[in-house]
Amino acid sequence: MRVRTGRWAGRAVLVAIALAALGAIWEVYKDWGPTDGVKLFGERILPRTTAAAMPHLADIWHAFGKPEIGGAISFGSTNTVLDSVVDAGVHTLRWAAVGFAIGVVVGMLLALLMNRLAVFERALMPYVVLSQTVPLIALAPLVAKWGQGWSFWDRWMSVSVIAAYLAFFPVAVGMARGLSSPSAVHADYFRCSAAGWWQTLVRLKLPSSVPFLIPSLRLAAAGAVVGTIVAEISTGLPDGVGKLILDYSQQATGDPSRLYAAVIGAAVLGLAAAAAVTVVDLALWRYHRGATSR
Amino acid sequence: MNLRRVGVTLLPPIVFGVLFVGGWQAFVRLEDVRTFVLPAPSDIWHSVTEAHSRIVTAAGHSGLNALVGLLTGVILGVALAALAARLPILGGAVTPVVAALAAMPIVALAPLLNNMYSPLSTLPRREVVALSAFVPVFFNVLRGLSQLAPVHRELMQSYAASQTAVLRVIRIPNALPHFFTGLRIASSLAVIAAVVSEYFGGLQDGLGSRITSSVGASDYPGAWASVLGSVVLGLVFYIAAVLLERLVLGSRATSPV
Amino acid sequence: MTEAEQAESGAVTAPAVELHAVHKSFTARRGTVVALADVDLTIERGEFVSLIGPSGCGKSTLLRVIADLLQPSGGEVQVNGKPARRARLDQDYGIAFQQAGLLDWRTVQANIELPLELHGVDRAERHARAEELIELVGLTEFARHRPPQLSGGMQQRVAIARALAESPALLLMDEPFGALDEMTRERMQNELVRIAGETGAAVVFVTHSIPEAVFLSDRVVVMSARPGRIVNVVPIGLGARTDDTREAPGFYAAITQVREALRGLPVPQTVEVGVSVENALRNSAEGAL
């Protein structure tokens with residue numbers, strides 16, 4: 001145990017050093033780099049170092065404490081940028097969670113369907129793969145128009161649909177692989193025991209798909225957050241982190257540090273979503289194969 | 001592959017595709033769905049033939065961004081993975097940072113980079129693409145380079161082979177299939193990132209911009225036509241990656257299709 | 001003779017392997033595990049010796065200590081009259097494992113050339129040597145094939161050919177036939193006896209199979225587990241071996257002897273080794289008479 005905590009501490013120190021190094025590079029370039037950036041063949045390949053283009057890290061940090069400019073964004077009682085970012089983050093996370101849930105359910109159902117009937121696997125799998133090879137997320141501005149005929153449809157639902165689209169794929173593929181992962185020995189044993197499809201599913205296939213499902217869920221969670229933010233921006237849905245990024249970027253020429261604060265907020269959301277899956281992962285440790293937790 | 005096998009593999013997806021498009025057309029026509037909700041495939045096709053040359057031009061801009069960014073990201077990914085595999089300390093420091101990057105919405109960096117360079121530059125977009133493509137290449141190459149079967153490790157040790165020899169004879173050939181897996185994922189992500197990063201402002205010359213401006217002008221079949229254009233662009237990149245894999249690896253290729 | 005030349009000639013006549021009081025322990029989660037304790041063994045040039053014993057008796061560990069893939073915790077290991085490390089750097093031995101460990105992206109020929117290539121042998125010489133070896137292991141038609149196209153037995157032959165590439169005086173084999181079916185296994189045993197005879201290499205052969213050890217070996221070294229020690233050394237004198245050997249009374253007698261040595265485990269250590277060495281000496285003397 002002591003050895004393990006020691007190794008974790010060592011890793012944490014390494015990561016801290018890496019982040020500190022990145023920060024140092026930023027600051028050094030900001031202070032010593034040419035104001036108009038570095039150009040090669042007339043194209044700027046290193047950024048401008050003016051305060052408007054590259055704020056100091058300390059300024060970004062302080063940006064969280066700055067008062068929110070009234071009028072541009074109205075968040076009721078909120079008053080600092082940090083409050084705005086947190087508030088927007090909660091909205092985005094909620095939409096992402098709905099999208100994630102839909103994506104996981106759809107992905108699992110698809111995987112079950114493909115596992116049950118080979119013809120579905122042959123018919124659907126190429127499209128499942130295709131759906132992620134091509135930028136169907138470009139549909140986001142169009143999806144916003146869906147549901148306009150239904151009274152119960154709210155705009156955020158379109159955003160969750162897009163999040164679900166990015167989340168379903170890793171789940172469908174990971175789950176399909178997991179369901180077909182039990183060895184022939186196990187499958188034969190269940191057949192010999194005259195176990196039905198349902199029993200085989202619950203007692204053999206589902207438990208053995210857990211190690212495949214967990215990394216898929218992590219990808220799906222990150223995908224749901226990305227999908228939500230992209231969809232917010234392309235549908236113009238207010239209150240979330242995506243819209244906040246867009247609003248701050250319009251004020252960025254004056255004060256870019258708010259924009260950085262919002263982007264950092266988006267990054268933290270992605271990490272939080274992935275971390276949430278890790279909690280599920282730890283709860284399901286029993287189903288990991290041997291010591292290899294992937 | 002004999003004719004029967006071709007039939008068994010290709011027939012189900014073709015039948016499904018035809019049924020899907022046919023069902024879509026029938027649904028839109030019979031239910032009289034309004035075009036802003038869902039245009040009929042025939043309307044989209046009509047729009048494609050009409051705006052054909054403009055879509056191709058926009059696809060050229062987005063495609064070039066995707067290509068330049070992809071190449072940059074692949075080179076960075078391979079280089080950093082090689083360093084991380086060679087220097088475990090560096091690997092320990094960099095790998096968690098890249099893993100965190102993978103969970104973040106990279107396209108959200110687009111407005112930030114626009115601000116750092118210039119909103120009229122293509123570079124911010126290409127950097128977003130490069131960063132998106134870098135992640136899967138880095139992880140796959142690192143995995144390929146780090147895997148060394150115990151039997152191969154002992155064998156090379158018995159030959160008193162240097163680390164460089166192990167790298168050349170075993171690690172690099174071992175990592176090649178992993179590299180192509182990463183490249184395949186990266187090639188898809190590159191097109192997606194190139195199109196989506198256009199939604200965050202900046203130059204308005206690519207497919208993503210065409211989609212938003214068509215929606216703004218209530219030309220919904222036109223927007224769908226540009227979506228179709230980006231689908232084709234994505235397929236071109238993916239198929240190119242698959243063909244390259246086939247060409248280099250031959251029978252060792254693992255990719256579908 | 002200069003000293004260097006004496007040393008050189010000394011190396012030529014030195015035993016293939018000399019182990020003195022070799023000890024190996026591993027640090028595991030719960031304390032220390034003794035894998036090898038007080039192992040003394042001398043293997044003459046050209047001699048075929050099998051190591052046999054229950055799982056965990058340290059026979060594979062012993063092989064890896066000889067190969068300098070593992071460092072002993074104590075004692076002395078000499079290969080060809082040199083320290084094990086020197087012998088490894090000089091490529092004095094070839095090695096084959098249970099897994100063939102071939103490189104899938106290389107042809108059979110290129111796999112066999114691998115050690116030669118790594119040690120800077122020029123292309124023409126590499127080709128010639130590889131062709132010779134491919135013929136020796138009977139794979140002439142498959143020189144251009146790649147490992148995934150070959151059966152398990154054929155892959156093992158390639159691994160053996162690769163181990164022989166640099167004409168080593170010593171061949172180390174860790175259950176090389178362990179994953180093969182019985183028929184293939186017997187055929188491979190016949191071939192190995194022939195190859196060992198033709199090349200004149202000493203062989204250290206780790207196995208689980210009593211008949212295999214008896215058929216192949218000049219001496220069978222019986223080991224016990226926890227800690228791994230040599231408990232008995234059974235000399236075998238089957239002479240020239242053919243398929244008929246497997247049905248000869250001497251074969252069965254030797255099998256019985258080894259089985260009893262294995263069954264007698266665990267036995268008081270110090271006495272047994274002494275006795276068995278004496279027995280071995282007496283038996284070999286009788287054989288000479």
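**View 1. The open sheet of chain C.** In this predicted model, where local features need pLDDT of at least 70, side-chain atom pairs count only at pLDDT 80 or more, and totals for chains, interfaces and linings use all residues, six strands of chain C form an open sheet in the order β6-β7-β8-β3-β9-β10, with mixed pairing. Strands here are DSSP runs of E with at least two residues, helices are runs of H or I with at least four, and both are numbered from the N terminus; two strands pair if DSSP finds at least two bridges between them. At the edges sit β6 (93-96) and β10 (229-235) of chain C, each pairing on one side only. Residues are numbered from 1 along each chain as its sequence is written, and chains are lettered from A in the order in which they are written.

**View 2. A parallel pair in chain C.** Look for β7 (residues 170-174) and β8 (residues 202-207) of chain C, which pair in the parallel sense over five bridges. Within β8(C), C:V206 is the bridge partner of C:D174.

View 3. Helix α9 (residues 249-263) of chain C lies across β3 (48-52), β9 (219-224) and β10 of chain C. How does α9 run relative to β10(C)? The angle is about 165°, taken between N-to-C directions on a scale from 0 to 180 degrees, with axes fitted to C-alpha atoms, for helices over the stretch in contact.

**View 4. Where chains B and C touch.** This contact (C-beta atoms, placed from the backbone, within 7 Å) takes 15 residues from chain B and 13 residues from chain C. On the chain B side, α7(B) gives the largest share, six residues.

Conventions: Two residues are in contact if their C-beta atoms, placed from the backbone, lie within 7 Å.
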